[in-house]
Amino acid sequence: AELVFDNRRCSQPSDKSAVVEADAFVGVGSGGGQTLLWQFRWVATPEQIHGPFDSLSMHGWVTQGCFAEERAAEIRQCDAKNEPLERCWHRWDAVSFELYI
């Protein structure tokens, strides 16, 4: 059996815009309409905690290489007030943010 890939662009129906506002994705996939938020700290300066950030932002930073072995960070879930929802921290490369967007 031969496997054939058909690589074509998808065309939008004329009654729909090809542009989607980013706000339309906030909270998608988190259930209940609540956005999952994260905080991080650099391993080099653990006393400074940054956040809260949504999963889309965190995924973007991981994809862009903002976190790396030479710029290692630790991540955990938090609420909108940047209060931790977990006691433990996770390595930046151990969290799959794409699962939450």
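Two residues are in contact when heavy atoms of theirs lie within 4.5 Å. Keep that in mind as we walk through this structure, which is a predicted model.

Leaving out residues up to four places away in sequence, Gln-77 touches Leu-36, Leu-37, Trp-38, Pro-84, Leu-85 and Glu-86. You will find Gln-77 in strand β3, which covers residues 73–78. Is Gln-77 buried, exposed or partly exposed? Its relative accessible area is 22%, and buried means under 20% while exposed means over 50%, so Gln-77 counts as partly exposed. For a sense of distance, look at Gly-51 too: 26 residues separate Gly-51 from Gln-77 in sequence, and their C-alpha atoms are 9.6 Å apart in space.

Now step back to the whole protein chain. It has 1 helix and 4 strands, and from the N terminus they follow the order β-β-α-β-β. Among contacts with a separation of 6 or more, 49% join residues 24 or more positions apart.

Next, visit the helix, α1, at residues 55–63. Which residues of α1 are buried? They are Ser-55, Met-58 and Gly-60. Just after the helix comes Gly-65, with a positive phi of about 85°.

Of the 101 residues in the protein chain, 21% are buried. The chain exposes about 7,700 Å², and carbon and sulfur atoms supply 52% of that area.

Conventions
Residues numbered from 1 in each chain as written. Predicted model: local features only at pLDDT ≥ 70, side-chain atom pairs only at ≥ 80, totals over all residues. Heavy atoms only, no water. Helix = DSSP H or I, 4+ residues; strand = E, 2+ residues; numbered from the N terminus. Buried < 20%, exposed > 50% of the residue type's maximum accessible area, 1.4 Å probe, protein only. Areas by Shrake-Rupley, 256 points an atom, 1.4 Å probe, with all protein chains shown as cover.
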